[in-house]
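Open the model in your viewer and keep the sequence panel beside it. This tour goes stop by stop: select, look, move on.

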Amino acid sequence: MMDVVRYERDGAVAVITVANPPVNALGHAVRQGLWSAIDRFAEDDAQIAVILGEGKLFIGGADISEFGKPPREPFLPDVCTHIERAQKPVIAAVHGPALGGGCEVALGAHYRLAMKGARFGFPEVKLGLVPGAGGSQRMPRLTGVGPALEIMPAGGSVSAEEALAIGLVDRLAEGDVHQAGLDYARELLEQGAPVRPVGTMPHPAFDEEAFANARDVWARKSRGEVAPLKAIDAVELSTRMDIDEGIAAERRLFLELMETPQRAGLIHAFFNDREVAKLPELRGITPREVARVGVIGGGTMGAGIATSCLLSGLRVTLIERDTEAAEKARATITSNLDGAVKRGKLAAERRDPVLAMLSTETDYDALSTADLAIEAVFEDMGVKKEVFKKLDAVMKPGAILATNTSYLDVNEIASAISRPSDVIGLHFFSPAHVMKLLEVVVADATAGDVTATAFALAKRLGKVAVRAGVCDGFIGNRILSTYRGAADRMILEGASPWEIDAAIKAFGLPMGPFEMGDLAGLDIGYMTRQRKAATRDPRDVVPTWGDEMYHKGWLGQKTGRGYYTYEGRKGVPNEEVTPLIEAARGNRPQRRFSAEDIQRRYMAAMVNEGAKVVAEGIARRPLDVDVTLLYGYGFPRWRGGPMLWADREGLAGLLADIKAWSKDDPYFWQPAPLLEQLVSEGRTFADLNKENGQ
Ligand code: T1G
């Protein structure tokens with residue numbers, strides 16, 4: 001077995017290299033290797049040691065795949081203390097990311113060298129944890145509590161330059177990390193530099209105001225997540241406890257959080273982020289080259305898609321029906337880029353060069369050299385087909401023709417042109433240059449390398465791509481319309497829109513369905529109901545109060561009135577909706593819904609439809625549903641996703657509830673056959689993820 005930690009000598013310098021691809025994670029073998037390397041350093045005549053990582057980074061942290069399994073010694077906090085207690089100086093030479101346990105190993109060293117491009121971070125809270133190997137005790141001793149309170153509750157990181165400025169590192173360097181480490185070691189030797197354990201440095205000052213502010217901010221921002229506030233508690237320990245006591249107390253916090261469902265949910269989400277792009281059908285397929293992109297339609301979505309492409313360095317040609325509309329689109333894109341500068345997503349000096357990559361045209365011939373065209377025009381099949389016919393006429397062979405439709409039949413669009421195998425759905429979410437989710441809608445004729453190109457494009461755009469099959473609403477909007485249906489039914493049975501919104505927010509979503517409706521515009525819901533009216537099942541229910549609100553011009557935030565009335569962005573319940581609802585209820589039996597009742601039905605509808613979407617192959621695996629809801633519909637990441645939530649709740653209980661509710665409403669609450677099958681076989685959605693994985 002290849003050594004994951006190497007010990008080599010270069011004159012008086014011992015070079016300790018962590019070589020555990022892909023990210024030098026601190027699994028058991030690496031911890032043992034580091035421990036033995038420090039023992040060997042103590043025994044031999046090397047005078048100074050340099051710890052560094054092999055490959056693209058220093059150390060990516062503890063091995064997340066070991067979490068939840070019985071921990072094995074040596075434990076990471078002990079390894080870091082063992083490094084710190086070395087009787088000869090130890091340097092950490094950091095290139096690329098040093099995250100979590102990786103940053104803690106660097107803090108265990110006596111001196112820290114940062115290469116250009118290095119990053120130092122504590123992402124533990126993003127996994128539902130706090131630093132567990134002394135990071136919250138050693139960092140504040142170097143930097144004070146301020147920077148630690150900036151980074152740890154947020155799961156953030158700092159650049160090499162910022163790390164030097166806050167005292168986290170001692171030296172910056174450029175070039176080869178190995179050579180830079182050796183040079184710094186020799187310099188310290190010449191200076192007779194002593195060991196310099198961070199742990200024995202004075203406590204950081206207790207800054208009451210800083211802690212109060214941090215707790216106040218994170219009490220509001222964490223929306224039910226527990227780790228950020230625990231991270232603040234951990235940092236506070238450093239202001240009053242000696243290093244060993246502080247590390248022991250930090251470890252207790254860490255192990256406590258390790259047992260929480262939130263940790264399981266966040267780690268489920270971490271691995272899903274990577275697993276979702278791994279599709280058997282993409283194995284060994286080379287994506288097509290994409291450098292020039294055409295965007296058809298400069299409305300909100302078209303302009304957002306163009307902005308997203310420009311921000312990732314692609315050349316964009318935007319087509320609009322006339323010059324005025326083209327200029328309007330350019331103005332929208334320009335303000336999107338200005339917004340990106342404000343959000344720190346684009347350096348101010350890059351704004352003009354990026355904008356220069358945009359050309360706006362009215363003639364489709366301008367797309368004759370484009371590698372990809374993304375259509376984002378009005379959601380009408382006839383209009384879409386016209387656009388695709390024009391694209392088919394001008395685009396070069398091998399170009400990809402994509403539609404941004406959010407529900408129309410991509411197979412039918414593809415059937416309108418001569419090259420259906422080059423057609424795919426790229427369903428962006430609004431605002432397209434901000435939202436990370438991208439549904440890659442694979443039509444029946446779509447070629448494998450077209451799908452592979454879509455996933456490669458998504459990675460380039462910084463999006464999380466989910467493969468979806470063709471059906472009305474694909475994965476996300478289809479499931480949305482179902483749990484919206486559950487909400488409408490609870491209203492008819494006695495719940496109020498505001499109770500439902502409060503319950504769903506308490507569950508961890510940023511907004512309830514009615515607040516979300518007001519934000520998106522209630523005309524969208526009305527149009528969807530109109531569109532579906534012709535094929536609607538007579539047993540389905542229609543939120544007639546919503547239609548009346550539409551006719552009253554109560555469209556939500558954009559008209560200052562919807563389910564809420566708005567002074568600015570803050571809304572108060574619009575009580576005038578109540579009589580409209582009471583009229584719709586007629587003499588239906590009414591009942592009280594507790595917040596738990598509301599959450600249970602809302603989630604059951606989401607999961608039940610999710611199971612149907614998986615069974616039909618619209619989503620490949622349950623994890624695809626989880627990723628879609630997390631990145632496109634505000635589902636709380638710490639719950640991992642609706643399908644994981646269902647597994648944790650117990651599928652049998654959920655199915656029993658659905659069957660009970662189907663007695664009153666057999667049309668809506670039809671148990672998903674896949675759910676029934678899993679329950680009868682004692683299996684879970686997690687089992688399906690494993691079975692349908694790589
Ligand atoms: N443990 C195990 N596997 C990991 C891993 C980790 N820490 N980090 C990445 N991987 C896997 C990943 O699943 C993927 O696998 C492959 O490596 C490449 O990852 C005690 C408790 C380091 C910036 O949270 O942010 O330390 O899909 O595609 O884009 O206080 O990975 O190929 O099978 O993301 O180049 C804290 C998590 C842990 C960092 C590299 N550390 N990782 O990005 O590659 S908690 C983190 C990342 C901790 C201590 C605590 C990124 C990266 P596969 P990738 P990348």
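The stops below visit a helix, a side chain and several salt bridges.

Keep one thing in mind: this is a predicted model.

**Stop 1: helix α26**

Select residues 642-649, which make up helix α26. Is this helix mostly covered or uncovered? It is mostly covered, with six of its eight residues buried. Colour those buried residues: Pro642, Met643, Leu644, Trp645, Ala646 and Asp647.

Now show what surrounds them. The buried residues of α26 pack against α11 (261-275) and α24 (595-615). Their other packing partners are α25 (622-632), α27 (651-664) and α29 (685-691).

Step just past the end of α26 to Gly650. Its phi is positive, about 105°.

**Stop 2: Asn689**

Go to helix α29 and pick Asn689. Why does Asn689 count as buried? Its relative accessibility is 13%, and the cut-off for buried is under 20%. Leaving aside residues up to four places away in sequence, Asn689 touches His268, Arg621, Pro622 and Leu623.

**Stop 3: salt bridges**

How many salt bridges does the count come to? The count is 51. Here are some to select.

Begin with Glu54 and Arg6. Their side chains meet in a salt bridge, 2.6 Å from N to O. The pair links distant parts of the chain, 48 residues apart. Glu54 sits in the loop between β3 (48-53) and α2 (76-84), while Arg6 belongs to strand β1 (residues 5-10). Glu54 counts as partly exposed because its relative accessibility is 37%. Arg6 is also partly exposed, at 26%.

Next, select Glu412 and Lys385. This salt bridge has its closest N and O atoms 2.9 Å apart. Glu412 is in helix α16 (residues 410-414) and Lys385 is in helix α15 (residues 381-394), so the pair ties together parts 27 residues apart in sequence. Glu412 has 33% relative accessibility and therefore counts as partly exposed.

Then move to Glu676 and Lys659. They form a salt bridge too, and the closest N and O atoms are 3.1 Å apart. Glu676 lies in helix α28 (residues 673-681) and Lys659 in helix α27, so the pair joins parts 17 residues apart in sequence. Glu676 is partly exposed at 30% relative accessibility. Lys659 is partly exposed as well, with a relative accessible area of 37%.

**Last stop: a network**

Select Arg215, Asp233, Glu236 and Arg240 together. What links these residues? A network of salt bridges does.

Note on methods
Residues numbered from 1 in each chain as written. Predicted model: local features only at pLDDT ≥ 70, side-chain atom pairs only at ≥ 80, totals over all residues. Heavy atoms only, no water. Buried < 20%, exposed > 50% of the residue type's maximum accessible area, 1.4 Å probe, protein only. Helix = DSSP H or I, 4+ residues; strand = E, 2+ residues; numbered from the N terminus. Contact = heavy atoms within 4.5 Å. Salt bridge = Lys/Arg side-chain N within 4 Å of Asp/Glu carboxyl O.
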